[in-house]
Amino acid sequence: MSEETKKELERLMLKYRAALKTLETQISILIQDFEQKNNYNPVEHVKSRIKKLESAENKLISRNYEVTIKNIEKHVHDMVGVRIVCAFLSDVYKIIEMIENSETIEVYAKKDYISHPKESGYSSYHLLVYVPVYLLDGKVMIEAEIQIRTLAMDFWASLDHKIRYKFAGAVPKEVKDNMYKCAIDINDLDHKMLILNDRMQVYKEDQENEEHS
Ligand code: 0O2
């Protein structure tokens, strides 16, 4: 790698790190504000990362793009990634709404793999966003991907990730079929838990009304 290319890469990574910090801070502020207003935290945990250079290169190669810094910037939309994991499906939609209404984070595309799961069974909601980064030369908008999902979806995706890694992409059909069935069970479980949670809220409200009467 030439000195010039190294410098270009360092500059790009600086922008990605800055975008990740801005995104993490803004998401944390929104969650805290929501919690203060509603006495309730809709988020179980948040994870964030900058995609490894090797993974970005593999993504470019798999799509027949030349491995260049320009192509990473242009074609890898999830170099900056944040994953927000919630207990209930209803919380996932609250988070989506909160981010969509944010003035700092600009949503430019949505991928609803909850209403339309992927062929593998993968389910999650992705927001593709721009995050502002203020440099000496002025403002630049950096792309990032926010994945929002339930704990159950996260459990499935993490197992699926391990399986794909173990079989280096060539997952046996039997394993794939079983994972697909698990994805259906998980979807069912998410809906049952949601109904249970709604029922609990009704009990709680009834109890509070009785106490006040
Ligand atoms: P990693 O290691 O998580 O970063 P785009 O990224 O928009 O150019 P792509 O790749 O079609 O195009 O985007 P997609 O499928 O909407 O979302 C990509 C990310 O979603 C993946 O990133 C995974 O994090 C997750 N994902 C999508 N499908 C699956 C799946 O079947 N199983 C699991 N476990 N995760 C999935 P990366 O870069 O593939 O991986």
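Arg164 puts a polar side-chain atom 3.1 Å from an oxygen atom of the ligand. That's in a predicted model, so read the distances below as computed from it. On its own the ligand would expose 750 Å², and the protein buries 77% of that. The ligand's space is also the largest pocket.

**Arginines at the ligand**
- Arg63 has a polar side-chain atom 2.9 Å from a ligand oxygen atom.

**The shell around the ligand**
- There are 18 residues around the ligand, and the ones that come nearest are Lys51, Tyr113, Lys118, Ser120 and Asp160.
- Two elements give two or more residues to the shell: strand β5 (138-150) and helix α5 (151-166).
- Of these contributions, α5 has the largest share, with four residues.

**Over at Asn38**
- Asn38 belongs to helix α1, which covers residues 3-38.
- Its side chain reaches back to the backbone oxygen of Phe34, at 2.8 Å.
- Is Asn38 buried, partly exposed or exposed? Its relative accessible area is 41%, and because that falls between the 20% and 50% cut-offs, Asn38 counts as partly exposed.
- Asn38 and Ile84 sit 46 residues apart along the chain, and their C-alpha atoms are separated by 19 Å.

Methods: Residues numbered from 1 in each chain as written. Predicted model: local features only at pLDDT ≥ 70, side-chain atom pairs only at ≥ 80, totals over all residues. Heavy atoms only, no water. Near = heavy atom within 4 Å. Polar contact = N/O pair within 3.5 Å; in protein donor to acceptor, adjacent residues only side chain to side chain. Areas by Shrake-Rupley, 256 points an atom, 1.4 Å probe, with all protein chains shown as cover. 1 Å grid on protein atoms, 1.4 Å probe; cavity = no way out; pocket = protein on both sides within 12 Å on 5 of 7 lines; lining within 4 Å. Sits in = over half its atoms within 2 Å of the grid points. Buried < 20%, exposed > 50% of the residue type's maximum accessible area, 1.4 Å probe, protein only.
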